[in-house]
Amino acid sequence: MQAATPHDPYAALMALIKARHAELSPQFQAGARYLADHPDEVAVSSMRSIAARAQVQSAALVRLAQQLGFAGWPELKAIFVERLRAGPSGYAAKAGALAGKEGKVRDLVTEVFTVQQRNLAATESANHAALDAAANLLQAAPRVHVAGFRAAHPIAYTLHYLYRLLRPSVQLLSGQGGTLEMDLRALQAGEAVVVVSFAPYSSEALLVAQMARQAGCQVVAISDSAMSPLALQADASIVIAVDSPSFFPSIVAGVAAVESLVELLVSRGGPDAVTAIGAAESQLRALGAYAKTSNDVIS
(Lines give C-alpha, C1' and ligand atoms only; values in the text may rest on other atoms or scores of the structure.)
Protein backbone atom coordinates (compact mmCIF):
# COMPACT_ATOMS: atom_id res chain seq x y z
CA MET A 1 0.00 0.00 0.00
CA GLN A 2 1.25 3.46 -0.88
CA ALA A 3 1.06 5.74 2.15
CA ALA A 4 1.98 8.96 0.38
CA THR A 5 2.05 10.62 -3.00
CA PRO A 6 4.92 12.61 -4.51
CA HIS A 7 3.06 15.93 -4.73
CA ASP A 8 2.24 16.24 -1.02
CA PRO A 9 3.23 13.25 1.15
CA TYR A 10 2.02 14.82 4.40
CA ALA A 11 -1.44 15.69 3.03
CA ALA A 12 -1.72 12.21 1.58
CA LEU A 13 -0.74 10.68 4.93
CA MET A 14 -3.36 12.74 6.79
CA ALA A 15 -5.99 11.67 4.26
CA LEU A 16 -4.97 8.04 4.73
CA ILE A 17 -5.12 8.29 8.54
CA LYS A 18 -8.56 9.88 8.33
CA ALA A 19 -9.81 7.19 5.95
CA ARG A 20 -8.42 4.33 8.04
CA HIS A 21 -9.20 5.78 11.48
CA ALA A 22 -12.43 3.86 12.11
CA GLU A 23 -10.81 0.47 11.47
CA LEU A 24 -7.78 1.05 13.71
CA SER A 25 -7.52 -0.41 17.21
CA PRO A 26 -7.93 2.02 20.15
CA GLN A 27 -4.14 2.08 20.68
CA PHE A 28 -3.54 2.86 17.02
CA GLN A 29 -6.28 5.51 17.06
CA ALA A 30 -4.61 7.23 20.01
CA GLY A 31 -1.27 7.16 18.24
CA ALA A 32 -2.73 8.38 14.94
CA ARG A 33 -4.53 11.22 16.66
CA TYR A 34 -1.33 12.37 18.33
CA LEU A 35 0.55 12.28 15.01
CA ALA A 36 -2.15 14.34 13.33
CA ASP A 37 -2.41 16.89 16.14
CA HIS A 38 1.31 17.36 16.87
CA PRO A 39 3.20 17.08 13.56
CA ASP A 40 5.99 19.42 14.67
CA GLU A 41 6.72 17.33 17.75
CA VAL A 42 6.82 14.14 15.67
CA ALA A 43 9.50 15.70 13.46
CA VAL A 44 11.81 16.73 16.31
CA SER A 45 11.18 14.15 19.04
CA SER A 46 12.16 10.53 19.60
CA MET A 47 9.68 7.72 19.11
CA ARG A 48 9.84 6.93 22.83
CA SER A 49 8.91 10.48 23.85
CA ILE A 50 6.10 10.61 21.27
CA ALA A 51 4.75 7.30 22.59
CA ALA A 52 4.85 8.60 26.17
CA ARG A 53 2.94 11.77 25.26
CA ALA A 54 0.41 9.82 23.22
CA GLN A 55 0.07 7.33 26.10
CA VAL A 56 0.78 4.31 23.90
CA GLN A 57 3.56 1.74 23.73
CA SER A 58 6.53 2.49 21.44
CA ALA A 59 5.86 -0.78 19.65
CA ALA A 60 2.37 0.48 18.83
CA LEU A 61 3.85 3.34 16.82
CA VAL A 62 5.98 0.90 14.85
CA ARG A 63 2.97 -1.27 14.10
CA LEU A 64 0.88 1.79 13.26
CA ALA A 65 3.51 2.86 10.71
CA GLN A 66 3.38 -0.59 9.18
CA GLN A 67 -0.42 -0.52 9.13
CA LEU A 68 -0.19 2.69 7.13
CA GLY A 69 2.09 1.09 4.55
CA PHE A 70 5.54 2.13 5.81
CA ALA A 71 8.44 -0.20 6.53
CA GLY A 72 8.73 1.20 10.04
CA TRP A 73 8.79 4.30 12.23
CA PRO A 74 11.77 6.05 10.55
CA GLU A 75 10.01 6.02 7.18
CA LEU A 76 6.84 7.46 8.72
CA LYS A 77 8.73 10.09 10.68
CA ALA A 78 10.51 11.21 7.48
CA ILE A 79 7.18 12.57 6.22
CA PHE A 80 6.95 14.86 9.25
CA VAL A 81 10.60 15.91 8.99
CA GLU A 82 10.13 16.90 5.36
CA ARG A 83 7.02 18.86 6.26
CA LEU A 84 8.98 20.77 8.90
CA ARG A 85 11.81 21.55 6.48
CA ALA A 86 9.34 22.86 3.91
CA GLY A 87 7.63 25.17 6.41
CA PRO A 88 8.08 28.96 6.68
CA SER A 89 10.96 30.56 8.52
CA GLY A 90 10.58 30.39 12.27
CA TYR A 91 8.81 27.05 12.03
CA ALA A 92 11.41 25.21 14.08
CA ALA A 93 11.09 27.77 16.86
CA LYS A 94 7.35 27.12 16.95
CA ALA A 95 8.02 23.40 17.09
CA GLY A 96 10.26 23.92 20.12
CA ALA A 97 7.48 25.81 21.89
CA LEU A 98 4.99 23.09 21.04
CA ALA A 99 7.32 20.48 22.47
CA GLY A 100 6.88 22.14 25.86
CA LYS A 101 10.34 23.71 26.13
CA GLU A 102 9.15 27.02 27.48
CA GLY A 103 10.46 27.95 30.89
CA LYS A 104 8.45 27.95 34.09
CA VAL A 105 6.51 31.11 34.83
CA ARG A 106 5.54 32.38 38.24
CA ASP A 107 3.02 34.96 37.25
CA LEU A 108 -0.37 33.48 36.35
CA VAL A 109 -1.22 36.26 33.91
CA THR A 110 2.07 35.85 32.12
CA GLU A 111 1.49 32.10 31.96
CA VAL A 112 -1.93 32.54 30.33
CA PHE A 113 -0.61 34.94 27.70
CA THR A 114 2.37 32.69 26.99
CA VAL A 115 0.11 29.74 26.31
CA GLN A 116 -2.21 31.85 24.15
CA GLN A 117 0.74 32.97 22.03
CA ARG A 118 1.71 29.33 21.60
CA ASN A 119 -1.86 28.44 20.63
CA LEU A 120 -1.92 31.19 18.02
CA ALA A 121 1.43 30.15 16.57
CA ALA A 122 0.45 26.49 16.38
CA THR A 123 -2.94 27.22 14.82
CA GLU A 124 -1.49 29.63 12.28
CA SER A 125 1.30 27.32 11.17
CA ALA A 126 -1.00 24.33 10.73
CA ASN A 127 -3.89 25.93 8.85
CA HIS A 128 -2.80 27.89 5.79
CA ALA A 129 -4.01 25.21 3.39
CA ALA A 130 -7.01 24.34 5.57
CA LEU A 131 -8.26 27.92 5.72
CA ASP A 132 -7.82 28.24 1.96
CA ALA A 133 -9.83 25.06 1.39
CA ALA A 134 -12.57 26.20 3.78
CA ALA A 135 -12.80 29.59 2.06
CA ASN A 136 -13.14 27.91 -1.33
CA LEU A 137 -15.93 25.70 -0.02
CA LEU A 138 -17.88 28.54 1.61
CA GLN A 139 -17.50 30.84 -1.37
CA ALA A 140 -18.93 28.19 -3.70
CA ALA A 141 -21.90 27.29 -1.48
CA PRO A 142 -25.30 28.84 -2.27
CA ARG A 143 -26.00 29.27 1.45
CA VAL A 144 -23.92 28.95 4.62
CA HIS A 145 -24.98 27.86 8.13
CA VAL A 146 -22.83 28.15 11.28
CA ALA A 147 -23.16 26.21 14.54
CA GLY A 148 -21.29 26.12 17.83
CA PHE A 149 -22.60 25.40 21.31
CA ARG A 150 -21.56 26.13 24.89
CA ALA A 151 -17.82 26.95 25.05
CA ALA A 152 -17.53 26.88 21.25
CA HIS A 153 -20.42 29.32 20.74
CA PRO A 154 -18.28 32.50 20.84
CA ILE A 155 -16.16 31.18 17.95
CA ALA A 156 -19.23 30.29 15.89
CA TYR A 157 -20.93 33.59 16.69
CA THR A 158 -17.83 35.58 15.69
CA LEU A 159 -17.80 33.85 12.31
CA HIS A 160 -21.54 34.38 11.86
CA TYR A 161 -21.39 38.06 12.83
CA LEU A 162 -18.39 38.94 10.65
CA TYR A 163 -19.35 36.85 7.63
CA ARG A 164 -22.89 38.21 7.67
CA LEU A 165 -21.55 41.73 7.13
CA LEU A 166 -20.62 40.73 3.58
CA ARG A 167 -23.08 37.86 3.11
CA PRO A 168 -26.42 38.63 4.79
CA SER A 169 -27.84 35.17 4.10
CA VAL A 170 -25.48 33.41 6.55
CA GLN A 171 -27.56 31.59 9.19
CA LEU A 172 -26.68 30.75 12.80
CA LEU A 173 -27.99 27.35 13.91
CA SER A 174 -28.52 28.21 17.56
CA GLY A 175 -31.32 25.87 18.56
CA GLN A 176 -32.77 28.69 20.64
CA GLY A 177 -35.79 27.55 22.60
CA GLY A 178 -34.97 23.91 21.94
CA THR A 179 -35.66 24.21 18.21
CA LEU A 180 -32.39 22.84 16.81
CA GLU A 181 -34.13 19.97 15.05
CA MET A 182 -36.44 22.49 13.37
CA ASP A 183 -33.42 24.56 12.25
CA LEU A 184 -31.80 21.49 10.75
CA ARG A 185 -34.83 20.81 8.58
CA ALA A 186 -33.86 23.89 6.54
CA LEU A 187 -30.55 22.36 5.37
CA GLN A 188 -30.41 21.73 1.63
CA ALA A 189 -28.03 19.70 -0.53
CA GLY A 190 -25.04 21.71 -1.74
CA GLU A 191 -25.13 24.20 1.12
CA ALA A 192 -22.23 24.59 3.55
CA VAL A 193 -22.35 24.06 7.30
CA VAL A 194 -19.56 25.23 9.61
CA VAL A 195 -19.53 23.37 12.93
CA VAL A 196 -17.32 24.36 15.87
CA SER A 197 -16.60 22.13 18.85
CA PHE A 198 -13.72 20.78 20.92
CA ALA A 199 -13.37 18.12 23.60
CA PRO A 200 -15.63 17.30 25.31
CA TYR A 201 -17.59 17.53 22.05
CA SER A 202 -21.16 18.76 22.39
CA SER A 203 -23.88 16.38 21.30
CA GLU A 204 -25.59 19.23 19.44
CA ALA A 205 -22.49 19.89 17.32
CA LEU A 206 -22.21 16.24 16.37
CA LEU A 207 -25.92 16.17 15.53
CA VAL A 208 -25.52 19.20 13.26
CA ALA A 209 -22.61 17.57 11.42
CA GLN A 210 -24.50 14.30 11.06
CA MET A 211 -27.66 15.94 9.76
CA ALA A 212 -25.67 18.17 7.42
CA ARG A 213 -24.05 15.09 5.87
CA GLN A 214 -27.40 13.39 5.51
CA ALA A 215 -28.83 16.48 3.81
CA GLY A 216 -25.98 16.51 1.29
CA CYS A 217 -24.29 19.63 2.67
CA GLN A 218 -20.56 20.37 2.64
CA VAL A 219 -19.21 20.38 6.19
CA VAL A 220 -16.40 22.57 7.54
CA ALA A 221 -15.17 21.45 10.97
CA ILE A 222 -13.37 23.73 13.41
CA SER A 223 -12.13 21.53 16.24
CA ASP A 224 -9.15 20.62 18.38
CA SER A 225 -8.03 17.54 16.46
CA ALA A 226 -7.71 16.29 12.91
CA MET A 227 -9.18 13.05 14.25
CA SER A 228 -12.05 14.62 16.18
CA PRO A 229 -15.59 13.29 15.58
CA LEU A 230 -16.29 16.48 13.65
CA ALA A 231 -13.15 16.42 11.51
CA LEU A 232 -13.77 12.80 10.53
CA GLN A 233 -17.10 13.87 9.00
CA ALA A 234 -15.84 17.06 7.37
CA ASP A 235 -15.00 18.07 3.82
CA ALA A 236 -12.62 20.71 5.19
CA SER A 237 -11.12 20.76 8.68
CA ILE A 238 -9.49 23.59 10.63
CA VAL A 239 -7.62 22.41 13.73
CA ILE A 240 -7.27 24.93 16.55
CA ALA A 241 -5.10 24.79 19.67
CA VAL A 242 -7.16 25.10 22.85
CA ASP A 243 -4.49 24.62 25.54
CA SER A 244 -4.90 26.70 28.68
CA PRO A 245 -3.30 26.80 32.13
CA SER A 246 -6.74 27.72 33.40
CA PHE A 247 -9.58 25.29 34.08
CA PHE A 248 -11.27 25.87 30.71
CA PRO A 249 -10.15 25.35 27.07
CA SER A 250 -9.02 28.49 25.27
CA ILE A 251 -11.02 30.00 22.40
CA VAL A 252 -8.43 32.61 21.40
CA ALA A 253 -6.94 30.66 18.49
CA GLY A 254 -10.41 29.67 17.33
CA VAL A 255 -11.49 33.30 17.11
CA ALA A 256 -8.28 34.15 15.23
CA ALA A 257 -8.94 31.28 12.81
CA VAL A 258 -12.44 32.47 11.93
CA GLU A 259 -11.24 36.07 11.61
CA SER A 260 -8.62 34.80 9.15
CA LEU A 261 -11.28 32.82 7.30
CA VAL A 262 -13.47 35.91 6.88
CA GLU A 263 -10.42 37.92 5.79
CA LEU A 264 -9.83 35.40 2.99
CA LEU A 265 -13.49 35.57 1.98
CA VAL A 266 -13.42 39.38 1.84
CA SER A 267 -10.26 39.36 -0.26
CA ARG A 268 -11.89 36.96 -2.71
CA GLY A 269 -15.19 38.83 -2.74
CA GLY A 270 -13.59 41.89 -4.29
CA PRO A 271 -15.68 45.03 -4.90
CA ASP A 272 -18.95 43.19 -4.17
CA ALA A 273 -17.75 42.32 -0.67
CA VAL A 274 -16.63 45.90 -0.05
CA THR A 275 -20.00 47.21 -1.20
CA ALA A 276 -21.87 44.77 1.02
CA ILE A 277 -19.81 45.67 4.09
CA GLY A 278 -20.27 49.38 3.39
CA ALA A 279 -24.04 48.92 3.10
CA ALA A 280 -24.17 46.97 6.35
CA GLU A 281 -22.16 49.61 8.17
CA SER A 282 -24.34 52.43 6.83
CA GLN A 283 -27.48 50.61 7.90
CA LEU A 284 -26.11 49.99 11.39
CA ARG A 285 -25.28 53.68 11.77
CA ALA A 286 -28.66 54.72 10.44
CA LEU A 287 -30.41 52.45 12.92
CA GLY A 288 -28.45 53.93 15.81
CA ALA A 289 -26.40 50.83 16.53
CA TYR A 290 -23.32 52.93 17.28
CA ALA A 291 -23.13 55.70 19.87
CA LYS A 292 -22.51 59.17 18.49
CA THR A 293 -19.31 60.50 19.98
CA SER A 294 -17.16 63.61 19.73
CA ASN A 295 -13.78 63.99 21.34
CA ASP A 296 -15.39 63.30 24.69
CA VAL A 297 -15.19 59.82 26.13
CA ILE A 298 -18.57 58.32 26.90
CA SER A 299 -18.46 56.27 30.04
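A: In this predicted model, α4 and α5 are roughly perpendicular to each other, because angles of 65 to 115 degrees count as such and the angle here is about 100 degrees. Their axes are 8 Å apart. Helix α4 covers residues 47-54, and α5 covers 58-67.

Which residues make the contact? From α4 come Met47, Arg48, Ile50 and Ala51. They meet Ser58, Leu61 and Val62 in α5.

Leu61 leads on to Gly72. The C-alpha atoms of Gly72 and Leu61 are separated by 8.6 Å. Along the chain the two are 11 residues apart. Gly72 sits in the loop between α5 and α6, the latter being residues 73-85. Is Gly72 buried or exposed? Its relative accessible area is 7%, and under 20% counts as buried, so Gly72 is buried.

Helix α2 spans residues 26-37. Its 12 residues should span 16 Å at 1.5 Å a residue. The end C-alpha atoms are 16 Å apart, so expectation and model agree.

The same check can be made on α8, residues 108-126. At 1.5 Å a residue, its 19 residues should span 27 Å. The end C-alpha atoms of α8 are 27 Å apart, which agrees. Buried in α8 are Val115, Gln116, Arg118, Asn119, Ala122, Thr123 and Ser125.

Strand β1 holds residues 144-148. Five of its five residues are buried, so β1 is largely enclosed by the rest of the structure. In a regular strand, side chains alternate between the two faces of the sheet. In β1, Val144, Val146 and Gly148 point one way. His145 and Ala147 point the other way.

What pairs with β1? Strand β3, residues 192-196, pairs with β1 in the parallel sense over five bridges. In that pairing, Val144 stands opposite Ala192. Strand β2, residues 171-172, also runs parallel to β1, joined by two bridges. Here Val146 has Leu172 as its bridge partner.

Notes. Residues numbered from 1 in each chain as written. Predicted model: local features only at pLDDT ≥ 70, side-chain atom pairs only at ≥ 80, totals over all residues. Heavy atoms only, no water. Helix = DSSP H or I, 4+ residues; strand = E, 2+ residues; numbered from the N terminus. Expected span 1.5 Å × (residues − 1). Buried < 20%, exposed > 50% of the residue type's maximum accessible area, 1.4 Å probe, protein only. Pairing = 2+ DSSP bridges. Axes fitted to C-alpha atoms, helices over the stretch in contact; angles between N-to-C directions. Parallel < 35°, antiparallel > 145°, perpendicular 65-115°, else oblique. Contact = heavy atoms within 4.5 Å.
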